Every structure is written in C-alpha cells, then in structure tokens.
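Hello,

Here is the structure I promised to pass on to you. Have a look at it first, and then read on for what turned up.

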Amino acid sequence: MQTTRALRAAATAASLIVLAGCSPQPVATPTPTADGPRSSPTYTCTPAGGGDPYPCTGQQYTDQQRQQVLVDQAESVYKEYFNEASRLYRVGGASQATSALTATTADAYLAAKQNEFASLKAKGLKAVGGNIKLAKMTPNPDATDKGADVGLDTCIDATTVQLKSGDQVVSNSGFAVAGTVYLKRQGNDLKIVDAEERQVANC
C-alpha cells in the first residue's frame, strides 16, 4: 500500500465531496459425516469473496471463522466512519479531526481525511439535499496480500447531493465513489489505514 493512494483519493474527494451495504459473506459451516462412530467430521468452507462451497480441513474452517470475525469488526468500523464522514459533509467539514474520525481511521487514511474535511471547512462547502448512501460493503479476500489485516470493497452513492457554498451551488451532479479500504490493528482497535478509490458513474 502507498500513502499516496489515499492522498490522491482525498484530493479528488475534496473537490467533489467524496466519501470513501452489502451483507457479509456466509461463514464456513461444519458438516459432520454420518457413516458411523468411526468416521471423522468433514468441513465445508465458503470463499470470503463469494463462490461455491468446498471441502476443507478443520484448521481451514477455524481460520475462516476467525477471518469472519475480523470482517464483522471491519464492517462495524467502516459503518461508524461512514456515519461520521456523512455528518461532516453535511455540516461543512471540520478544522481538526473529530474523535469519531480518529477512533476509526489512522495513518495515511486519517491524514487524507483530515486534509479533506479541513479543506471543506476553509472553503465553506457542504453537502445539501439528496442522500449519501453506503451502497456496497463486501469483504476483499486479497487485502491480506497487501499487508492489511482485512479489507472491504465499498461504494458510496451520493449522486443526488448538491455541493453548496452559502446559497451558491458549486456542484449539482453529485458523485459516486467505489474502491477498497484496508484495515489494520492499531493496539486493540481495528482502523482504516489506507484505501484505493475512484469515481464511478454509479454503484
């Protein structure tokens, strides 16, 4: 992961008030055999990103359960961040990082969002009308390959929002942003530390 990813995403977001739901994937379920007292239980695992269930070992099943716990925590953290980000866009940013922002983000992502919300505050810009919706949130199975503990593919739909400065409409077209956010443990807390995001036509 590179710090510049989040910073570039924030630069785009600051100009178009970019924010950075889907249900979690099914967890693996054990399926014991019924061949008699000597048979060992077998297990069925389901890919984190979706797909057909497959036979797996007890250790693979346990590992997948642990990963699902991480995914559940990550979704909770991201929802908390999303709610705070939505609030900040509505009130016109903040000159300093709020407690809710520092509780859910860290490292490159926190720095990028601090800059974004401070820029909105300095320019007197805020999101007015419409809806800011979390349209997608699913596990990204490749996030651990990039050094994260867990990742989520997300999409924010704010295509009905206006960006205004006072009574002047700065942008009337709204926006939608899709990408992947990466989370890592910071002490006892799971936080968003980086992201790869892009503008899209819709979610």
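The model is predicted, so local features need pLDDT of at least 70 and side-chain atom pairs count only at pLDDT 80 or more, while totals for chains, interfaces and linings use all residues. Residues are numbered from 1 along each chain as its sequence is written, and side-chain values use heavy atoms, with hydrogens and water left out.

**The sheet**

Strands here are DSSP runs of E with at least two residues, numbered from the N terminus. Two of them pair if DSSP finds at least two bridges between them. In general, strands of a sheet pair through backbone hydrogen bonds, either parallel or antiparallel.

In this model, three strands make an open sheet with antiparallel pairing, in the order E4-E7-E8. At its edges are strand E4 (125-128) and strand E8 (168-171), each of which pairs on one side only. Neighbouring strands of the sheet are turned by 45 degrees against each other on average, direction ignored (the axes are lines fitted to C-alpha atoms, and angles run from 0 to 180 degrees between N-to-C directions). Strand E7 (residues 162-165) runs antiparallel to E4, and four bridges join the two.

**The disulfides**

A disulfide is a covalent bond between the sulfur atoms of two cysteines; the cut-off used to find one is a pair of cysteine sulfur atoms within 2.5 Å. Searching the whole structure gives two disulfides. With the bonded cysteines numbered in sequence order, the pairing is 1-2, 3-4.

One of the two links Cys45 and Cys56, with the sulfur atoms 2.0 Å apart. The torsion about their S-S bond is about 80 degrees, so this disulfide is right-handed. Because Cys45 lies in strand E2 (residues 42-45) and Cys56 in strand E3 (residues 54-56), the pair ties together parts that are eleven residues apart in sequence. Both Cys45 and Cys56 are buried (buried is under 20% relative accessible area, exposed over 50% and partly exposed in between, with a 1.4 Å probe and protein chains only).

Cys155 and Cys203 are also joined by a disulfide, S to S 2.0 Å. Here the torsion is about -85 degrees, so the disulfide is left-handed. Since Cys155 lies in strand E6 (residues 150-158) and Cys203 in the segment after strand E10 (189-199), this pair ties together parts that are 48 residues apart in sequence. Cys155 counts as buried because its relative accessibility is 3%, whereas Cys203, at 44%, is partly exposed.

Best wishes
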